[in-house]
Amino acid sequence: MVKVFKLVIAGPYGAGKTTFVKTLSEVVPIETDVPAQGKSTTVAFDYGKIRINDIVVHLFGIPGQERFNFLWRIIAKGMHAYIFMVDSSSFESVKSAIFMYNYFTSTFPTTPHIVAANKQDIAKVKISDVRTILGVKPDVKVVPLIAINKKMVLEALVVLLDEVHRLMYGSSLQRGNSHGTGNEKALM
Amino acid sequence: MIKVINEELGIDLLGVLVFNNNDIVLANDVPGELMRLAAFLVNFINKVNGIKYVKVKSNNVLMYAVRSGDLVVMFLANPTLIEGALSLLDRYVDKLVKMSWEIINRAKAIEPAITVEGDELTEEDILILLDYFKGKLRELEAKGE
């Protein structure tokens with residue numbers, strides 16, 4: 001029997017969710033981006049998938065703009081975990097994530113998640129500041145990310161899966177994990 | 001798209017919206033108050049057969065809506081905009097309609113996926129996923145990436 005692992009990539013406009021799905025998906029992902037403010041933005045959701053033995057990982061990138069928030073709950077329904085992504089290249093971008101992060105953590109309080117500080121190649125906001133601005137709880141990990149870098153995307157996914165395991169079965173499988181919770185200065 | 005229109009016509013549109021019946025297909029960042037007015041107008045257009053164009057002016061917005069089949073393209077402009085300029089907006093309708101249908105069709109293609117919910121997973125399932133992605137990481141590292 002094929003099982004479904006549902007993973008949601010959340011975060012505000014321009015955080016890099018579409019790129020993350022494209023980097024990870026092994027099939028050509030379906031994108032619903034349209035031009036906006038000189039860039040492009042997702043108006044429905046991004047969708048990709050990966051088949052691993054009898055498990056299909058479904059990846060959903062959620063539209064970041066608040067006017068699409070009616071879709072957030074619909075798409076997130078039945079998810080196993082989520083990565084909350086922020087654009088760490090500016091303080092304004094990180095601050096723009098506060099509403100959505102509060103929405104996710106209050107609507108899905110028991111769902112495992114990590115926060116990914118994307119655009120580390122041009123980062124202006126330290127990981128510890130991302131944690132402070134969003135009010136990330138001490139037991140939630142904040143990881144550095146460059147969404148076009150497959151290695152970093154895979155690392156983020158491994159950290160998330162380890163969180164899923166820890167929360168479901170009470171033990172962490174990561175050894176020597178650099179993505180600490182509250183000691184992120186070492187990452188910068 | 002709104003930026004392109006404003007640059008090409010030298011005007012200052014407040015918003016461009018496309019509706020499929022009452023659902024928004026395309027939209028830029030429009031203030032909530034204007035969005036409610038737009039939704040009200042679209043609701044009216046959808047209820048009246050045979051309407052091709054609608055122009056509504058209030059103190060703070062000039063709304064110009066064009067019906068194209070099931071879609072309604074709506075331009076929100078400053079009320080000081082010369083009404084003659086509205087006809088210039090018609091040239092963008094086809095492009096907006098085409099973009100909207102592409103989005104609608106893509107959304108239809110993935111409609112079954114949106115209802116997907118995760119299955120109950122065992123610890124073994126989680127370990128399989130972890131092993132897989134760690135293996136992918138090792139492959140990348142072995143390639144020196």
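A: **The sheet in chain A**

Let's start with one pair: Leu7(A) has Ala81(A) as its bridge partner in strand 6 of chain A. Strand 6 (residues 81-87) and strand 1 (residues 3-10) of chain A run parallel and are joined by four bridges. Strands here are DSSP E runs of at least two residues, helices are H or I runs of at least four, and both are numbered from the N terminus. Two strands pair if DSSP finds at least two bridges between them.

Before going further, a word on the source: this is a predicted model, where local features need pLDDT of at least 70, side-chain atom pairs count only at pLDDT 80 or more, and totals for chains, interfaces and linings use all residues. Residues are numbered from 1 along each chain as its sequence is written, while chains are lettered from A and ligands numbered from 1 in the order in which they are written.

Now the whole sheet. It is open, with six strands of chain A in the order 4-5-1-6-7-8 and mixed pairing. Strand 4 (46-52) and strand 8 (142-144) of chain A are the edges; each has a single partner strand, so one side of each lacks a neighbour in the sheet. From one strand to the next, the twist averages 25° (axes are lines fitted to C-alpha atoms, for helices over the stretch in contact, and angles run from 0 to 180 degrees between N-to-C directions).

Lys49(A) counts as buried because it has 21 C-beta neighbours inside 10 Å; the cut-offs are 20 or more other C-beta atoms within 10 Å for buried, 12 or fewer for exposed, and partly exposed in between, with C-beta atoms placed from the backbone. Lys22(A) is 27 residues from Lys49(A) in sequence, yet their C-alpha atoms are 9.8 Å apart.

Chain A has a mean of 83, with 78% of its residues at 70 or more. The model as a whole scores ipTM 0.82 and pTM 0.64.

Technical notes:
pLDDT = per-residue confidence, 0-100.
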